[in-house]
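This briefing goes through one protein model, from the whole chain down to single residues. Keep the sequence and the structure in view while reading.

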Amino acid sequence: MQGTVDGFSYGLVTPLVAYLMACLGGALGLRCTTRSMLVSRSWRPGWLALGSAAIGSGIWTMHFVAMMGFKVEQAPIHYDRAITFASLGVAIVMVGVGVFIVGYRGATGTPLMTGGAVTGLGIASMHYLGMAGMRLNGQLEYNTVTVAISVVIAVVAATAALWAAGQVRGFLWSVGASLVMGLAVTGMHYTGMAALSVHVHRTSAPLAGDSPSLLAPMMIGPLAFLLIAGVVVMFDPLMVMGKPVWSPAENKPGVPARELVHHPASRRPRRNLAHSDSRTPQNR
């Protein structure tokens, strides 16, 4: 029996909140990525790791906020806790690989394409692994073409966002990029959900896993992390201005910024050439 799927059981509340969470994670992550391009190599891994975790946490939280509005009328839904948290780990790790590629190799050409592809695939992998954690008396079926479109949306969005982060053009530039990234990630989620159909089994067997009401407590950790990342961003002046307080040797993505050391011009006394030339060859 075909199940009746409703992805908007709370109306526009869950899509809007999901979008805001995607924007928040994207904004924090992209600012950290931008910040990493303005510091020396020793500090860069820390900022990139913080940015990766922020983007991954924001995407994961967005997904499960949206899933709180997902219902199948003929079948109650539970979630496997282990797979649900594994999807968070996949998001952080794969986004991290893409962010580190751009952070060290630059936001242009092959590094940008590679980093964007890995990050986009990480977003899509998180979504479909999270869906695999659903437990209901039925079978999930996906339309292959629509799934492919959702993956393309994720890759394009991630590539555009990483390119924007690599421009190092200030706070408003990154805010705009995060809004676009949030829209694309949320669009990817609902495109993927549009690919879904549920074939409900005619059985009332008990379900394993946790009920959807337990999703909210599971999101406390990622939300707390996003709050901490937000505090770090707010209290770092370079994160707000997007400009170094020193003069970097090279202001290029993927190139370590080094403080220029001012070397004063040599003050060696000049030889009096006229006097020297006036000497006779014997005196030279």
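A residue counts as buried when its relative accessible area is under 20%, as exposed when that area is over 50%, and as partly exposed in between. In this predicted model, 46% of the 284 residues of the protein chain count as buried. The chain holds 10 helices and 6 strands.

**The chain as a whole**

- The accessible surface of the protein chain is about 14200 Å², and 67% of that area belongs to carbon and sulfur atoms.
- Among contacts between residues at least 6 apart in sequence, 85% join residues at least 24 apart.

**The largest nonpolar core**

- In soluble globular proteins, nonpolar side chains tend to be buried together.
- The largest nonpolar core here has 58 residues.
- The members that touch the most other members are I59, M62, M67, F70, V72, I123 and M134.
- Elements that each supply at least two residues of this core include the helices α1, α2 (44–67), α3 (81–105) and α4 (109–132), as well as strand β6 (196–200).
- Helix α2 gives the most to this core, with 12 residues.
- Not counting residues up to four places away in sequence, M67 touches Y79, M131, M134, H189 and M193.

- V95 lies in helix α3 and is buried, because its relative accessible area of 1% is under the 20% limit.
- Leaving aside neighbours within four places in sequence, V95 is in contact with S52, I55, I59 and T119.
- How many residues apart in sequence are V95 and I123, and how far apart in space? They are 28 residues apart in sequence and 7.4 Å apart in space, C-alpha to C-alpha.
- S178 is placed in helix α6 and counts as buried, at 2% relative accessibility.
- The residues that S178 touches are C23, G26, A27 and L30, not counting residues up to four places away in sequence.

**A pair of strands**

- Strand β5 (residues 138–142) is joined to β6 by 5 bridges, and the two strands run antiparallel.
- Within this pairing, Q139 stands opposite H199 in β6.
- Which residues of β6 are on the covered face, and which are on the uncovered one? L196, V198 and V200 make up the covered face, while S197 and H199 make up the uncovered one.

**The salt bridge**

- Side chains of opposite charge can pair when their charged atoms come close.
- The count for this model comes to 1 salt bridge.
- D80 forms a salt bridge with R135, and the closest N and O atoms are 3.9 Å apart.
- D80 lies in the loop between β3 (78–79) and α3, and R135 lies in strand β4 (residues 134–135), so the pair ties together parts that are 55 residues apart in sequence.
- D80 counts as partly exposed, at 23% relative accessibility.
- R135 is partly exposed too, with a relative accessible area of 26%.

- Y10, V13 and V17 make a nonpolar surface patch of about 280 Å².
- V17 is placed in helix α1 (residues 13–36).
- Is V17 buried or partly exposed? V17 is partly exposed, because its relative accessible area of 36% falls between the 20% and 50% limits.

Notes:
Residues are numbered from 1 along each chain as its sequence is written. This is a predicted model: local features need pLDDT of at least 70, side-chain atom pairs count only at pLDDT 80 or more; totals for chains, interfaces and linings use all residues. Side-chain values use heavy atoms; hydrogens and water are left out. Helices (H or I, at least four residues) and strands (E, at least two) are DSSP runs, numbered from the N terminus. Buried means under 20% relative accessible area, exposed over 50%, partly exposed in between (1.4 Å probe, protein chains only). Contact means heavy atoms within 4.5 Å. Accessible areas come from the Shrake-Rupley method with a 1.4 Å probe; for residues, only the protein chains shown count as cover. Patches are made of residues with over 30% relative accessible area and no salt bridge: like charges are joined within 9 Å, nonpolar side chains (Val, Leu, Ile, Met, Phe, Trp, Tyr) within 5 Å. A salt bridge is a side-chain nitrogen of Lys or Arg within 4 Å of a carboxyl oxygen of Asp or Glu. A nonpolar core is a set of buried Ala, Val, Leu, Ile, Met, Phe, Trp, Tyr and Cys residues joined through side-chain atoms within 4.5 Å. Two strands pair if DSSP finds at least two bridges between them.
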